Amino acid sequence: KLQFLYLIGVQPGPHADAAQHTMQEVYKTFERGTPAGDMLYKLYNGKRKMDSTLDPDLLARVQEQRRLREAVAAPKLKPIPRSKAHVNVPKLSGRVGKTDIHACGRTGPPRMGRKLQPLIKQELKVREDEIINQPVPPKRNYIGDEGKDKLAEYMAYDGKLPPVAPPRPPMTAASYRAQKQKEKRADIEKLRVEFKEEQKDLEKAQAALAQYVTKPQRSNKIEGRLRGAVNEGVAALRRLDGLLADEERLLAGDC
């Protein structure tokens with residue numbers, strides 16, 4: 001490379017005697033800033049991987065094909081069944097105190113992972129005593145479906161059942177007629193109250209119209225509104241009067 005640089009007319013710098021430089025430091029022979037030093041620095045200390053010159057779409061397809069080939073060629077691991085899987089079991093020390101040895105009824109330490117027969121009998125006896133001494137729950141009576149419905153209603157009303165209305169006596173023709181007459185009288189009374197209210201509104205509208213007509217300067221628009229209110233009141237009174245007459249006629253026919 002030095003001969004090539006001498007041939008192209010590049011003069012080496014003051015550090016040309018150092019021939020033992022590594023390839024990454026060979027640029028120091030010519031120093032940075034000279035054409036040869038910059039070329040060597042870029043050659044050995046620049047990018048290790050050149051940028052691809054392919055089209056981006058073509059490069060993406062090539063990379064995808066390479067990924068698929070590597071996925072196919074990759075060794076597939078066979079799953080190990082759970083029954084053959086290795087399980088790390090910790091090793092226990094197995095040291096037992098003297099009191100535990102005497103309680104077990106043995107002179108040596110017990111085998112790990114098993115329970116001795118005296119301990120099993122002692123535990124069974126304790127469980128039997130607990131079962132025998134357990135208090136007997138109180139006997140409950142069978143409530144049935146009707147009792148369940150009452151209990152559900154009691155819980156739905158938070159422990160306060162609503163008052164039960166007494167059963168109505170059977171309705172006869174006379175009681176039915178009396179009930180209908182009572183309902184008609186109530187309707188007639190409502191119509192009379194409504195008639196009186198409409199009559200008051202009509203009197204107010206007529207008074208406002210009479211007061212506005214006496215003014216020297218009047219607006220046809222306002223006067224038309226007042227006359228329209230009077231006409232609506234008169235129409236409402238006529239309608240209520242007809243309804244009252246019909247209800248009274250029906251009530252008189254039933255009586």
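I looked up R32 and found it partly exposed at 48% relative accessibility; buried means under 20% relative accessible area, exposed over 50%, and partly exposed in between, with a 1.4 Å probe and protein chains only. The model is predicted, with pLDDT of at least 70 needed for local features and 80 or more for side-chain atom pairs, while totals for chains, interfaces and linings use all residues. Residues are numbered from 1 along each chain as its sequence is written, and side-chain values use heavy atoms, without hydrogens and water.

I then searched for salt bridges (a side-chain nitrogen of Lys or Arg within 4 Å of a carboxyl oxygen of Asp or Glu). The whole structure holds 8 of them. R32 joins D38 in one, at 3.5 Å from N to O; D38 is partly exposed at 25%. The charged end of R32 also sits over the ring of Y41, 3.8 Å from its centre; this requires CZ of Arg or NZ of Lys within 6 Å of the ring centre and within 35 degrees of the ring normal.

I noted a salt bridge between K115 and E123, with the closest N and O atoms 3.2 Å apart. K115 is partly exposed at 47%, as is E123 at 34%.

I next checked helix α5, residues 117-132; helices are DSSP runs of H or I, at least four residues, numbered from the N terminus. Its end C-alpha atoms are 23 Å apart, which agrees with the 22 Å that its 16 residues should span, taking 1.5 Å times one less than the number of residues. The number buried in α5 is 0, so the helix lies largely in the open.

Note on methods
Helices (H or I, at least four residues) and strands (E, at least two) are DSSP runs, numbered from the N terminus.
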